[in-house]
Amino acid sequence: MAAAAELTLLEKSLGLSKGNKYSAQGERQIPVLQTNSGPCLTGLATIAAHLVKEANKEYLLGTTAEEKAVVQQWLEYRVTQVDGNSNKDDIRILLKDLNSYLEDKVYLTGYNFTLADIILYYGLHRFIIMKIA
């Protein structure tokens with residue numbers, strides 16, 4: 001799923017009805033959002049965090065310092081490890097590692113649903129529909 005489509009879905013799930021316009025830059029098609037009140041925002045994690053704040057749902061960014069750090073960690077993981085990955089063997093390893101990590105957790109940060117869960121879901125969705133066995 002392209003980043004612009006993911007961000008549009010995120011807007012909808014957050015209850016935002018603005019319908020922001022996204023563009024992409026560079027070879028890796030990094031998402032860009034031109035805001036009405038300031039400079040362009042660049043990058044999936046940056047724009048997603050901005051949308052969460054715009055929706056007044058900052059709890060999705062974590063409620064404690066540790067949880068906020070873990071959310072940021074998983075947003076970075078999404079961009080560095082999940083995006084651009086299409087090798088089936090690498091995908092199997094990634095999914096196996098995630099499964100092990102989540103064995104004793106309900107959500108990525110433990111017991112609270114956060115932006116990390118949403119963004120990682122969007123990133124992994126394409127692998128699930130590919131039916132990696």
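**Figure 1. Phe113 and Tyr107 form an edge-to-face aromatic pair.** Phe113 has a relative accessibility of 40% and therefore counts as partly exposed. In this predicted model, Tyr107, at 30% relative accessibility, likewise counts as partly exposed, because that class covers values between the 20% limit for buried and the 50% limit for exposed residues. A pair of aromatic rings is described by the distance of the centres and the angle of the planes. The ring centres of Tyr107 and Phe113 are 5.5 Å apart and their planes meet at 70°, so the pair is edge-to-face. The structure holds four aromatic pairs.

**Figure 2. Trp74, Tyr77 and Tyr101 make up one aromatic cluster.** Of these cluster members, Tyr101 also carries a charged neighbour: Lys105 lies over the face of the Tyr101 ring, at 4.2 Å from the ring centre.

**Figure 3. The largest nonpolar core comprises 35 residues.** The residues with the most contacts inside this core are Leu7, Leu10, Leu14, Leu51, Leu115 and Ile119. Two or more core residues come from each of helix H1 (3–13), helix H2 (44–54), helix H3 (65–82), helix H4 (88–101) and helix H5 (115–129). H5 gives the most to the core, with eight residues.

**Figure 4. Surroundings of Leu51, one of the residues with the most contacts inside the largest nonpolar core.** When neighbours within four places in sequence are left aside, Leu51 is in contact with Leu7, Leu10, Leu14 and Leu16, as well as with Glu11, Asn20 and Tyr22. Among these partners of Leu51, Leu7, Leu10 and Leu14 are themselves listed with the most contacts inside the core.

How values were computed. Residues are numbered from 1 along each chain as its sequence is written. This is a predicted model: local features need pLDDT of at least 70, side-chain atom pairs count only at pLDDT 80 or more; totals for chains, interfaces and linings use all residues. Side-chain values use heavy atoms; hydrogens and water are left out. A nonpolar core is a set of buried Ala, Val, Leu, Ile, Met, Phe, Trp, Tyr and Cys residues joined through side-chain atoms within 4.5 Å. Buried means under 20% relative accessible area, exposed over 50%, partly exposed in between (1.4 Å probe, protein chains only). Helices (H or I, at least four residues) and strands (E, at least two) are DSSP runs, numbered from the N terminus. Contact means heavy atoms within 4.5 Å. Rings of Phe, Tyr and Trp (its six-membered ring) pair if their centres lie within 6.5 Å; planes under 30 degrees apart count as stacked, over 60 as edge-to-face and the rest as tilted. A charge sits over a ring if NZ of Lys or CZ of Arg is within 6 Å of the ring centre and within 35 degrees of the ring normal.
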